[in-house]
Amino acid sequence: MMRLRRNPDENDLGTNPDLDGESLFLRDQERKCGLSSMRLMGFVLVALMVVSVVFSVSVVLQDPPSDGVLESAKEVRFPDVLESSKEERVLELKPQKVIGPVDDYTPSVEAHKDKLLGGLLAAGFDESSCVSRYQSVLYRKELLHKPSPYLISRLRSYEALHKRCGPYTESYNKTLEKLKTEHHLGSTDCNYLVWISFSGLGNRILTLASAFLYALLTNRVLLVDPGTDMVDLFCEPFPEVSWFLPSDFPLKSQFNSFDQKSPHCYGKMLKNCSFSNSSRLMLPSFVYLHLVHDYDDQDKLFFCDEEQTSLQDVPWLIMKTDNYFVPSLFLIPSFEQELSNLFTRKETVFLFLGRYLFHPTNPVWGLITRYYQAYLAKADERIGIQIRVFDTGTGPFQHVFDQIIACALKENLLPEISREEPKTIQSQKSKAVLVTSLNGGYSERIRDMYWEHPTVTGEIISVFQPSHEEHQQTEKRFHNRKAWAEMYLLSLNDVLVTSSWSTFGYVAQSLGGLKPWILYKPENRTAPDPPCRRVMSMEPCFHAPPFYDCKAKRGIDTGALVPHVKHCEDMSWGLKLVDNESEL
């Protein structure tokens, strides 16, 4: 930098007699202005240097990019570094513009305002402890249906009950003492429903939502057995007090052994008349509810009004189930009015309960957002294809692939391919296809089909599959992280194709508020014709419902009793909630 050097010949009055007063004044002003200009330039240079340094530091310190797009269009896998410390970081990514087939959706100020989902969620949580709770709204379209004011009110009331009666509260400790005796005397301040962690992840999500609704209807406090991974997968849904059952719960060691032969099994107690003969003052301290798919006629009496009356004063109900039993709750007369008040539209039960209860933990949310940003966010339309094959043997199977393509083409979800190169480009629309399957072969064949041939519409089709585990590994931590992330990613699509009988698909469609095209279950390794159909509602299917008329004490078709409970599209004996006849 140049230094200003003083010139004595020009500035010394005594040595320069030719300068008059005016000249001296002008020269002095010129010198001052020159110095002021130099100072100004100096300030500007310093300011620019400071801005440059701040910008450089912000770039260095910001989160690194997501896992990145693979250079090839080959199958995309979750990184193998899941087990490293990198996995524990959460990337708070802002979604790109998402364009669906019907409505454009751009995260906006309005989306930020509605982070409570129309009042469904409670305010006041520490947002950093569970980023997905309030950030998920940025990745979804606006809900077409709003939760009823009554549902919102009941959820706030339940949260107050849970805070008063949850683990280690005074009421909890008092009621816990009841378990030390075979029978209990008198009433209790709080009654409880304990949900046992059982079966695969999709089943657990569906049954936990069912258990919560039952707790809401019966004013019980829901406590969740954490099992091996529930804490790792799901954030706490209720403020201040945990929903997880304490590890020192007295009956916890018996959970795995509870079955239909257990002395406290409700069905067995009814058979032995040991429960019906108990007076209201000498009820058992706890009852085990066996609602697993192999339950018998006595266990199924749980869905009768008379039995609900008997159970209401038992302080502890312990439930094991692998069924989404919500449809049968709608057939219990004493619950009918309350359920009608809670859900003005029947097909929104799991949509609202699922979005209220199930928030991915930060590590799982990182998997979801990184993958979404890398592969799905920029597409004009996203199509989810969930593939669950129940055939034995090693896939991929030709008949399954044929069925998937037949469905996607017949329903105009994917474009036809052309055997000739197009002369003109008709469309630059891009479609991202997200495939979830235990086998990677199906996504590879779909990808190759659209790589090797142009589409007749000119649309660009990209195909991605996050993982392929080859077989279900229910008890593995990272397997279930990936499974939960993939269910959630499927729910973020614009349209969805799912497989019959799959609870994985049920969770995705219901969380997303989507009515998918469901693939019929193939028989004799032959692709069915038609290959698929649109479902009646976004609600899951109850696979093992009771067929019993509690009043008439005889068998009956429970799918023909009321207009809003019908048989499922994929399982003729199953039950699901629908809204009206016009959708059939």
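Colleague: Where is serine 340 found?

Modeller: Serine 340 lies in helix α12, residues 333-342. Bear in mind that this is a predicted model.

Colleague: Why is serine 340 called partly exposed?

Modeller: The relative accessible area of serine 340 is 33%. Buried means under 20% and exposed means over 50%, with partly exposed in between. The value of 33% falls between those limits, so serine 340 is called partly exposed.

Colleague: How far apart are serine 340 and tyrosine 150 in sequence and in space?

Modeller: In sequence they are separated by 190 residues; from C-alpha to C-alpha the distance is 10.0 Å.

Colleague: What makes a set of residues a nonpolar core?

Modeller: Its members are buried residues of the listed types, Phe and Trp among them, joined through side-chain atoms within 4.5 Å. The largest such core here has 130 residues, and Leu222, Phe249 and Trp484 have the most contacts inside it. Helix α7, residues 201-218, supplies the largest share of this core, with twelve residues. A second, separate core has 25 residues, including Val400, Leu413, Met449 and Cys532.

Colleague: Which residues does phenylalanine 249 touch, leaving out those up to four places away in sequence?

Modeller: Phenylalanine 249 touches Tyr172, Leu176, Leu179, Val194, Phe255, Trp316 and Ile318.

Colleague: How many of the residues count as buried across the protein chain?

Modeller: Of its 584 residues, 53% count as buried. The protein chain has 18 helices and 18 strands.

Methods. Residues numbered from 1 in each chain as written. Predicted model: local features only at pLDDT ≥ 70, side-chain atom pairs only at ≥ 80, totals over all residues. Heavy atoms only, no water. Buried < 20%, exposed > 50% of the residue type's maximum accessible area, 1.4 Å probe, protein only. Helix = DSSP H or I, 4+ residues; strand = E, 2+ residues; numbered from the N terminus. Contact = heavy atoms within 4.5 Å.
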